[in-house]
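Let's walk through this model together, one question at a time.

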Amino acid sequence: MRITQYLASKLKNFSNLPKEYIERSKKQVYWQTPRETNYLPRTVERKRFRYTTNRPWTGQFRQQNMPATMRRKVLIEPVEDWSFFRGDRVEVLVGKDKGKQGIVTQVITERNWVIVEGLNWHYRRVGADKDFPGIIIKSEAPLHVLNDIRLVDPSDLQGTEFEWRFTEEGEKVRVSMRSGRIIPIPETNNQTHDYKTPNAYIEREKDTPAAVVGEITFQPKLSTFEMDIMEEMGIKEERTPAKSYWY
Amino acid sequence: MSATLIKCLNLAKTVRTSTIKSLLTAPKQQWQTLCAAALQTPHAQMVHTSPMRHGLMEFFDDPKHWSENDVKVGRAWRTEELRIKSNKELHQLWFVLLKERNMLLTMEHECNDKMEIFPSPERVDKVKISMDNLEKVVRERNTAYHLLETGETGERPQKRVNNSFGLQFNYKSCEHVLPPFMNLKWIKSRNIGFGGRAVNRFLLKYREQLYNAKRKAKNRSRNEVMMILRRNPNFDLGVLRRKFPDVDIDKLRSADKARGHYVPKIGV
C-alpha cells in the first residue's frame, strides 16, 4: 500500500477529462507514413509544446502552438512529489505581493506553476481597437512552486518549509518543519469541473446508476465468452471444425 | 438528405441487425446507459422499458443537445467494474457503447460539415476507453478458460522474426488448411533470413541512426541537468539522480557549464 501511495500523486485532475482526450486534442501530426508493408511506421508530429496558463484542450493552446512555429525550450525542474494543491494557503515570496498569503486556485503541473487567488496580479487591456480603448481586466500571473511560494503552517499561519512523511497508519502527509504539525490536503483538491464532491454529482440521462455499476452479476462458469453468449441465445453448434494448422 | 445520412443508411444495415438481435434476446434488463457515474447515492428503482426506436435518427444525438456548448456525462467504465458483470450484460453493454460511438462519430462529422461546434468531444474517448476495457475483460475470461482447458492462451500465436531487411517484426500466425511442409505456396512466399552486402550496409546505417538517437538523447539529458544546476545550485541531487539515471551528476556539478554567472560564496 505504501508503494502505491508513494507512486500516486495526490493531485486530482480538475478538468476531469480523460488523458487520451487531452493527448488527442493537442496532437499535431504533420505527416504519417501509410500503413503499408513497404513503409516503416514513421510519424512526423509536434513533440514539444509550450504550456502556459491555456490548457492543452483549448483553442488558445492551439493558437499558441500553431503548426510550424517553434519557440524556445523552457527548462522544467523535475518535481517528484507534487505538494501544492487547489485550496492550499500559501505565502508569496516574490513580486509586489511578497509576504502576502492567498489560496491556490489553479495548478499547472506542466510548468510547475500555481495561480494564487488575488495575488501577483497585473492589468491587461483586452479588445483594444482603433476607436475603442479596450477593457482593462485584472489577471493573476502564475507562481513557480519551487521558488516563488511556500506553504503556510495552519497552527500559527506563518509560512513554513515542509516535508512528506508517513503517519502510523501508513498515510502520506505533509508535515510542517517548524511546528511538526500536519498540513492537511484541502477538500477543494477533490473538486472537479463536473462536481464539487462525488456525492453532489447530478446524474445525467445516459449515466449508469452507481447501484447498478456495483451489482455483481458475474457467475464463474467453465466456458468462453462466446460459448456463454451462444448458450444464452439458444444457438447450438453441432458441426466439428475441420483440422487446421496455425503457423 | 446530406452525405452523412446516406452513409448512415449503409451503416445501419450492418449495425441494426446486431443490435436488434441483442435487444430481442434480452428484453428484461436493458441498460439505456453509457457511462458509469461517479459514486452516487443508491438509485431508487430501475425502470425497465424497451428502448425507443427512432430509425435513422438514432445516429444523431437528442435534438436538445444540438445547440449546447457541452453535454455532461459521467466517466468511462473501469475494468474492475466490468469484471463483476456477467457475459450477457457485457454483450449488451458492448452494443450500447457501439451505438453510442456511432452516434458520436456521426454527430462529430455532421458538426464539422455544418461548421458547428461538436459539444463535449471527450465523450468519444470515454466510449473508446470503455470499449477497450470491456474487450480486455472478455479476453481475460477467454484466456483463463483456454489456459485451464488446453494449457494455452487461445490467442492468435505471434512471434518476433526477422524480415528480409534484418529488422525484427511481430509475425502473426494464420490458420491454414495444409500443414506447413505441404504448403508450397506459403514456403515460397515467406522471406526468412537475410543476408547480402546491400542488407548489411543498410543495417550498418540503420544501427548508426539508432545509436545517434540514443547518443543525442543522452546529451540532451546531460545538458538539461547542467542547466538545472546552473539555475538552482542547491537543487536536490537525489531527485536529479532518479530522474536522469544515466547522467553522472557528481561529475557534472563541477562542469563549467553547470556554474552560474555569479560570484560563488566562499567560507560562508
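## Strands, helices and the A–B contact

Before the questions, a starting point: in this predicted model, A:Leu151 has A:Thr160 of E10(A) standing opposite.

Q: In which sense do strand E9 (residues 149–152) of chain A and E10(A) run?
A: Two strands count as paired when there are at least two bridges between them. E9(A) and E10(A) are joined by 2 bridges. The sense in which these two run is antiparallel.

Q: Which strands of chain A are the edge strands of the open sheet of 6 strands?
A: The sheet has the order E8-E5-E4-E3-E9-E10 in chain A, and its pairing is antiparallel. An edge strand here pairs on one side only. That picks out strand E8 (143–144) and strand E10 (159–160) of chain A.

Q: What is the bridge partner of A:Tyr245 in E4(B)?
A: Strand pairing also links the two chains: strand E15 (residues 245–246) of chain A pairs with E4(B) over 2 bridges, in the antiparallel sense. Within E4(B), the partner of A:Tyr245 is B:His176.

Q: Which element gives the largest share of the side of chain B that touches chain A?
A: In the contact between the chains, 50 residues of chain B meet 39 residues of chain A. Elements of chain B that give two or more residues to this side include strand E1 (35–36), helix H3 (87–113), helix H4 (122–150) and helix H6 (197–231). The largest share is 8 residues, and the element that gives them is H4(B).

Q: How many residues on that side of chain B are nonpolar?
A: The side of chain B that touches chain A has 13 polar and 13 charged residues. The nonpolar residues there number 24.

Q: Are helix H2 (residues 19–26) of chain A and H4(B) parallel, antiparallel, perpendicular or oblique to each other?
A: Their axes come within 9 Å and cross at roughly 130 degrees. Angles over 145 degrees would count as roughly antiparallel, and 65 to 115 as roughly perpendicular. H2(A) and H4(B) are therefore oblique.

Q: How many charged residues has the contact of H2(A) with H4(B)?
A: H2(A) brings A:Glu20, A:Tyr21 and A:Arg24, while H4(B) brings B:Glu122, B:Asp125 and B:Ile129. By class, 2 of the residues are nonpolar and none is polar. The number of charged residues is 4.

Q: How far apart do the end C-alpha atoms of residues 83–110 of chain A lie?
A: UniProt, in an unreviewed entry, places the feature "domain: KOW" at residues 83–110 of chain A. This span is 0% helix and 43% strand. Its end C-alpha atoms lie apart by 14 Å.

How values were computed
Residues numbered from 1 in each chain as written. Chains lettered and ligands numbered in written order. Predicted model: local features only at pLDDT ≥ 70, side-chain atom pairs only at ≥ 80, totals over all residues. Contact = placed C-beta atoms within 7 Å. Helix = DSSP H or I, 4+ residues; strand = E, 2+ residues; numbered from the N terminus. Nonpolar A, V, L, I, M, F, W, Y, C, P; charged D, E, K, R; others polar. UniProt positions renumbered as here; feature names shortened; annotations may be inferred. Axes fitted to C-alpha atoms, helices over the stretch in contact; angles between N-to-C directions. Parallel < 35°, antiparallel > 145°, perpendicular 65-115°, else oblique.
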